[in-house]
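Open the structure in a viewer and keep the sequence panel beside it. The stops below go from the whole chain to single side chains.

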Amino acid sequence: MGLFRTSGILGIAESALEFALAASEEAHPNEYMGLLRGDDASKLGLDDDGTVLTDVLVIPGTESNPVSATVKTSMVPNDMRAAGSIHSHPNGVLKPSDADLATFGRGDVHIIVGYPYGRDDWKAFDSDGSVVDLPVLDVEPPEESFFDFDQADIDAELREEEFDS
């Protein structure tokens, strides 16, 4: 059972796919590797029940060469939004290797991006390595905020301090 208790993965946000394609091209001739995170479809204004892949996490310490990429597992965040992995095959082959299949156990979907890293140069797979349909969705991922306050909160606090002095 995956981490998501909804109807499953509905698709990938266009911005997340574009990021992965560009990162794969930049890493060429070495492999690129990232982890996928998703958001509930309702947060994105969709009426469907499920998860949309919205983020590609770049893990510090990832090592890559022309035939493999290895994520430093100690740097992977314990994230309830984790959904799978994405990596490139600089040789353009859109089929998981035995080494790929060994890593597919974590997460619900795994994407392989192939050279020349164009819009159609990728495939999605389930944990068993079977091809799955993963639509590209034109959705705007929610803005992440590092802090749980905004400028209005800061202004209000400054006004309170002004009156207290």
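**Whole chain**

Along the sequence, the protein chain reads β-α-β-β-β-β-β-α-β-β-β-β-α. Its secondary structure comes to three helices and 10 strands, where helices (H or I, at least four residues) and strands (E, at least two) are DSSP runs numbered from the N terminus. This is a predicted model: local features need pLDDT of at least 70 and side-chain atom pairs count only at pLDDT 80 or more, while totals for chains, interfaces and linings use all residues. Residues are numbered from 1 along each chain as its sequence is written, and side-chain values use heavy atoms, with hydrogens and water left out.

Colour by accessibility next. Of the 165 residues in the protein chain, 37% count as buried (under 20% relative accessible area; exposed is over 50%, partly exposed in between; 1.4 Å probe, protein chains only).

**The sheet**

Select the strands of the open sheet: eight of them, in the order E9-E8-E7-E6-E2-E3-E1-E10, with mixed pairing. Two strands pair if DSSP finds at least two bridges between them. At the edges are E9 (131–132) and E10 (136–137), each pairing on one side only.

Now show residues 33–40 and 82–89. These are strands E2 and E6, paired in the antiparallel sense over five bridges. Pick Leu 36, and its bridge partner in E6 is Gly 84.

**Helix H1**

Select residues 14–27. This is H1, which lies across E1 (9–13), E3 (51–57), E6, E7 (109–114), E8 (122–125) and E10, and runs at about 55 degrees to E1. The angle is taken between N-to-C directions, from 0 to 180 degrees, with axes fitted to C-alpha atoms, for helices over the stretch in contact.

**The core**

The largest nonpolar core has 25 residues, and those touching the most other members are Ile 12, Leu 36, Leu 53, Ile 86, Ile 111, Trp 122 and Leu 134. Such a core is a set of buried Ala, Val, Leu, Ile, Met, Phe, Trp, Tyr and Cys residues joined through side-chain atoms within 4.5 Å. E1, H1, E3, E6, E7 and E8 each supply at least two residues of this core; H1 gives the most, with five.

Centre on Ile 12. Leaving aside residues up to four places away in sequence, Ile 12 touches residues including Leu 17, Val 52, Ile 111, Trp 122 and Leu 137 (contact: heavy atoms within 4.5 Å).

**An aromatic pair**

Finish at Tyr 115 and Tyr 117: the ring centres are 5.7 Å apart and the planes at 90 degrees, so the pair is edge-to-face. Rings of Phe, Tyr and Trp (its six-membered ring) pair if their centres lie within 6.5 Å; planes under 30 degrees apart count as stacked, over 60 as edge-to-face and the rest as tilted. Tyr 115 is partly exposed, at 46% relative accessible area, whereas Tyr 117 is buried, at 6%.
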